[in-house]
Amino acid sequence: MTGTVITAARVLGQLRHDHRSVALILVVPCVLIGLLAWVYADTDSGLFDRIGPALLGVFPLVVMFVVTSVSTLRERRSGTLERLWTTPVTKGGFVAGYALAFGLMSVLQALIAVGFAVWVCGLDLEGPVWQLIIVAVLDAVLGTCLGLLASGFARTEFQAVQFMPAFILPQFLLCGLLVPRDAMPDVLHWISDVLPLSYAVDAMKTLATSTDSGSDVAKDCAILGGFIVLAVIGGAATLRRRTS
């Protein structure tokens, strides 16, 4: 627990001086949502309300994946991890600390992005806004944990970014955002059932269209939580001290 807190405090301290990363985490999702609302401004008035909630799950996941994977690679290449192993910080503590630090940033990101979408862009939900915030936070934390997992397989920061198509794009294509999952070929439907973004998009779609969303959203959130735990375990297992 001590190692987790130490790591989280160190990461938050670094982020405080890294204005570009903070802008990427907090500003970019709002810019993308605003651009999407602008694109659909002169079209069917309900189109943004149907697509916007799902993309509120996709954008934070992508942003947090990039920031976390690159930040972790930077730690490893600079030798920071090598020095950390001489302290009480363990692999699990390091990964959990990163997840905690970026999880706190995810809460702030979700509050800003959802608030911007609802009160600035006019996103209209059938379900409660607070549930939308919870799903957005889980998506961002999932992106963080997947970024930690991907960084274990990369040797350079550029390679970490290159892993995004492998980790994120298949989920984007099969999550039901472009084509309903029920309309996909059986094999693709089965694959989508084991991809975490599918459940994030399902939860967001439920919130966009149903006033009685509690049980369905809770189920999807529980599944997302399970994927987050698996990604943290995988990230700790694949974490190396340094990149050769």
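In which helix is Thr-4 found? Thr-4 belongs to helix H1, which covers residues 2-17; helices here are DSSP runs (H or I, at least four residues), numbered from the N terminus. The model is predicted, so local features need pLDDT of at least 70 and side-chain atom pairs count only at pLDDT 80 or more, while totals for chains, interfaces and linings use all residues. Residues are numbered from 1 along each chain as its sequence is written, and side-chain values use heavy atoms, with hydrogens and water left out.

Thr-4 counts as buried because its relative accessibility is 14%. Buried means under 20% relative accessible area, exposed means over 50%, and partly exposed lies in between (1.4 Å probe, protein chains only). When neighbours within four places in sequence are left aside, Thr-4 is in contact with Gly-93, Ala-96, Gly-97 and Leu-100, where contact means heavy atoms within 4.5 Å.

Attention now turns to the aromatic rings. The whole structure holds four aromatic pairs. Rings of Phe, Tyr and Trp (its six-membered ring) pair if their centres lie within 6.5 Å; planes under 30 degrees apart count as stacked, over 60 as edge-to-face and the rest as tilted. The rings of Tyr-98 and Phe-102 have centres 5.6 Å apart and planes at 35°, so this pair is tilted. Tyr-98 and Phe-102 are separated by about one helical turn because they stand four residues apart in helix H6 (residues 91-120). An α-helix has 3.6 residues a turn, so residues three or four places apart point the same way. Both Tyr-98 and Phe-102 are buried.

A further tilted pair is formed by Tyr-199 and Phe-227, because their ring centres are 6.2 Å apart and their planes are at 35°. Tyr-199 lies in helix H11 and Phe-227 in helix H12, so the pair ties together parts that are 28 residues apart in sequence. With 14% relative accessibility Tyr-199 counts as buried, whereas Phe-227, at 21%, counts as partly exposed. Elsewhere, ring pairs link Phe-65, Phe-163 and Phe-167 into a cluster.

Helix H11 itself comprises residues 196-209. Eleven of its 14 residues are buried, among them Pro-196, Tyr-199 and Met-204. The buried residues of H11 pack against several helices, including H4 (47-77), H7 (129-151) and H12 (214-238).

Terms used
Helix = DSSP H or I, 4+ residues; strand = E, 2+ residues; numbered from the N terminus. Expected span 1.5 Å × (residues − 1).
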